[in-house]
Amino acid sequence: MDPAQLRQVEELANALYTSSSTSARNDAQSRLLSLQTSPQNIPTCQQILDSSQQPYALLVASNSLMSLITGHWNSFTTAQRIEIRNYVLSYLGNNPHHPTYVTSQLIRLVCRITKLGWFDDRSHRELPEEVTKFLQATVEHCVLGLKLLNGLVEELNVPTQGRTLTQHRKTAVSFRDVSLFRVFQLALTTLSQLKTSAIQTSPQILGVLTLQSLTLTVRCLSFDFIGTNPDESSEDVGTIQVPSTWRSVIQDEETLNLLLHFYSTSEPPKSDKAMEAIILLTSCRRSLFPTDKDRAAFLSRLLNGITILLRNQTGLEHSENYHQFCRLLGRLKANYQLSELVKANGYTEWLSLASSFTVQSMQNWQLSRNSIHYLLALFGRLVAAVPYVRPDAGAKGHTKSLEEAVGTVVQQYVDCMLGSVQTVLQEECDDPLDDSGSLTEQLERLPVICRFQYAKVGTLLVERFDPIMADYQNCIATLNNSNIPPQTQQKLTMLEGQLTWLVYIIGAVVGGHSWSTSHLDDGEERIDATLSRRVFQLVQLIDFRCCQSNGSALCDSKLESAFLFYFQNFRRVYMFMWDQPSSSSSGIVTAGKVDVQPTTKQRVYKNMFDFMAMGDHTQVANLIVTKVGNNLKYWPTNEEVISKTLELFHDMASGYSSSKLLLTLDTVKYLLMNHTAQAFPFLEVKGNERHRTTFHATLTRLLFSSTAEEMPLPFDTFIDPICEVLRQLGGLDAQGLKAPNVRIPLVGVLRDLRGIASSLHNRRTYLMLFERLFPDHFPLFTRISEVWYDDPGVTTSLLKFMYEFVYNKANRVNFEQSSPNGILLFRTTSDVICAYGKSSIAFHSQTTVPETEIYKQKYKGFALSLDVLVAALSGNYVCFGVFQLYNDPALDRALEVALQMILSISLDDVMAYPKLSKSYFSFLEILFRSHIQVILALTTPTLMSLLNAVHEGLQSSDAPLSSICATSVDHLATYYYNNQNKDKPEVNQLKQHLAAEPNLFAGLTATLFNLLLFGSASNHWAVMRPMLSLMLASERSFTQYKDQLMSTQSPQNQTALNEAFDKLLADVSRNLESQNRDRFTQRLTAFRVTTRSFLTL
């Protein structure tokens, strides 16, 4: 590379990373990518590294080397790989001051070469020892050496794309056994040197060394020792499966003391990294310790260290340390049994300090919002283990101490959350009720803690609830809804905020009720009833005020969300048994007979509703459904309340027993008879369209959950309001149908119909809807597609309904043999698709749509149209031969318009939009499967453009999409092989296409084999399916690929490859029977595994 070429590379690299012009960056990227095309460019990359001083040029060279090494690994000999690795190591050693982003990429390159060549040569496995030379050199080289070790552990712990999981685990296990412990010792040794000030340098460099050493310690301890592939997005550590050879270091008192020292004497990010290492030490497996005495000694040292930190509040003023420390406390009980903790020295003091720390955290909830749930988890795990520990075991009075600690924690949590409401109002800080993630984490951990001493907690909640409830009643009793003074409004807001917290807490606690036999005689259902009665009374109070003011006096939406959370938990625990007694019944009615000896569960269930004194389970269910109806009526513009309300309603209707119960309620009957915008204004609010679908899906599910004789009202009565809207819309002319005021009811009725259709799961119910819509209203759908083709909001609603209606799930579209309904349904579907397709294609051919809007305005409608046709064509309820037999153009017209749609979409756009590509290739797949004569009748250029798209889809990284395209190829090749000797017009057309494009099968064969040999393993099974049919359809294509692949390999590889091909073809018959296909596919799998070990690109 001459100086001019080097300057050009530097200019392109600067343009790539610094230019503000998108076109300039894209141009620079495309030109620089040429460096990654061939292994012959490696010397060029090395010249850039040696000659350039521009950091971005160095980064480009580093990235290119990484890509070339990873992508062309088999193209290098073992000696060449070692030479490249040594070159990069030497380069790093000579240039330790390069920018971090350059150094990091070169370190990754060294580690990648080491990983891929781990078993090739001993020198790769000796890399950690070579890195010690860096650690013993200058301070700058010591930092570089630690970064190398960090990179090595990270690289060996993460699977590499293109390598199987088996290969990864084999390398990782060898690294674990050979080198990881040595790396861990190097990290601890460096920390010890830093602690004793054996390394003298500037404070800044010392800080970097400390951080790198601690990070390396964490990486070693969090290594995937046994191949469990832990979820890295989770903060829950789990048990660390440290090898037994590490025992001496883990048990060594100095190891824990060293980490505690760096936590205590440093600041974030070093201190929180030290705490993370302590958490990992805490999580080491039980069996690592040879005896219980050793484990107890380790636990005592750990508890002592934590106790000192708690006593002195060391480092807890930093939020990062605070969060990690809370994780440590939460993890402690997860890895140690309570019986072990109570026997440890200092347990009582630790428990007291942990309780005080938790209380302090809750009092400072603004700073610890994301950490409180770890502390709640700690006490939850402690109390859950109490039944399994004898009171006289361990520290004296440990059970009483825990009871006192838990009582204090629960009380402080309740009081602090109630106090947070006033703090939020006065200081205008973030409301913890708005942080749904943190709120959910806390509420999930409350039930176990609160039910430990449920009687005391219940009394506490009642004592807090009743005064606030009384104040709230007094406050709203004096209100004039039209004119509320600011001071009164502020008080009202505060009271509602406090009630919101109480309702959330009660909902969580009630939802924690256990139906296990061991808990049923505790009488906890009475406390549930006491708390639930107050919530229901509050609901009635708020609903009364809301109804009285006709929706003008609404409470805070957060309180409504709390009610819905409570109802969901109450429903799960107490509304699941249809056969339970009402409070007035003397026996249990089950299957038509009276059982005078109720079970314990039934007795508890009855006691709950008796003590709640709000009526039996039917009356309580009616209260919940009434609340649902009032929310839908009075909260039309609050999307969150509407969404959660409908979710609750849907969940209640989903259960068999609960749906039966709901159908007996007057409120539900009212909903079934009045599901219009006049009764529920949310139905006509813009933005609630999708909720209309959910609402009607739930109502329909309820209606059809009973037999025809038990239905509370006929389906015709239920759907009459919708049909009336359809009748009115059908009576409009084209101009009237296009009027702006028609759009909302039009979209609404289509959404309603989609919801109804989605809840039809059998032939009987589907026929009810079909007979109401056909033939009177289907012409309207065609007119809508003709008039509103340019409005995506309308066409999306129409096409989604059509898809749901023609989709034959559970074989529901099943007409009588003598019925023409299947054919008529497809003809109508064809009319809708043709009307929309022709109008939309013509519109978009004359209109320019912005690139950012093209999917919404154009492609979404096309994709949905293709989905509708795919559902109809694969529904198995139409004999499509009838259309040709009777010269009915419906099928041909629909396919013609669909082909026009897909041909109007550029391939780049097809691949850019995942939903569009799925619809596009699914439609092509069904054409190749069932209507190949339509495909073959196209002109050769048109057919080749479609097959080019399939060819591109084959190489997609989306496995399901690639599978669909592979299936299309299989259909084409199978058709040709089975029919090549027949004199049929379609076969002759295919032969003409192949004569015009003789390399078609050869290109597909090469692509499929390249995907098999060099692609990812995510969808190999699907990609391999068409290979046999392609080989039989064109043996010449297979021979060409084999010869071409052999020509690229060394003589040694050619011999091995020839043997692999011989094994592949052994005992494979010349037919496409399923058994033969499966046998060949299994051979292909073995062929891939064998050849990938030596093939070069």
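Colleague: Not counting residues up to four places away in sequence, which residues does threonine 70 touch?

Modeller: Keep in mind that this is a predicted model. Threonine 70 sits in helix H4, which covers residues 55–71. Its C-alpha lies 8.3 Å from that of leucine 116, 46 residues apart along the chain. With the residues up to four places away set aside, threonine 70 touches Arg112 and Leu116.

Colleague: How long is the polar contact that joins the side chains of threonine 70 and arginine 112?

Modeller: Arg112 is one of the residues that threonine 70 touches. The two side chains are joined by a polar contact, and its length is 2.9 Å.

Colleague: Is threonine 70 buried, partly exposed or exposed?

Modeller: Buried needs under 20% relative accessible area and exposed needs over 50%, with partly exposed in between. Threonine 70 comes out at 27% relative accessibility, so this residue counts as partly exposed.

Colleague: And threonine 828, buried or exposed?

Modeller: That threonine belongs to helix H39, residues 821–846. Leaving aside neighbours within four places in sequence, threonine 828 is in contact with Phe774, Phe778 and Thr782. The cut-off for buried is under 20%. Because its relative accessible area is 9%, threonine 828 is buried.

Colleague: Which residue caps the N-terminal end of H28?

Modeller: H28 runs over residues 617–634 and reaches 26 Å from its first C-alpha to its last, close to the 26 Å expected. Its buried residues include His617, Val620 and Ala621. At the N-terminal end, the backbone nitrogen of threonine 618 lies 3.1 Å from a side-chain oxygen of the capping residue, aspartate 616.

Colleague: Zooming out, how many helices and strands does the protein chain have?

Modeller: Of the 1097 residues in the protein chain, 54% are buried. The C-alpha trace spans about 95 × 90 × 60 Å along its principal axes. As for the elements, the chain has 53 helices and two strands.

Notes:
Residues are numbered from 1 along each chain as its sequence is written. This is a predicted model: local features need pLDDT of at least 70, side-chain atom pairs count only at pLDDT 80 or more; totals for chains, interfaces and linings use all residues. Side-chain values use heavy atoms; hydrogens and water are left out. Helices (H or I, at least four residues) and strands (E, at least two) are DSSP runs, numbered from the N terminus. Buried means under 20% relative accessible area, exposed over 50%, partly exposed in between (1.4 Å probe, protein chains only). Contact means heavy atoms within 4.5 Å. The expected span of a helix is 1.5 Å times one less than its number of residues. A polar contact is a pair of N or O atoms within 3.5 Å; within protein, one must be able to donate a hydrogen and the other to accept it, and residues adjacent in sequence count only if both atoms are side-chain atoms.
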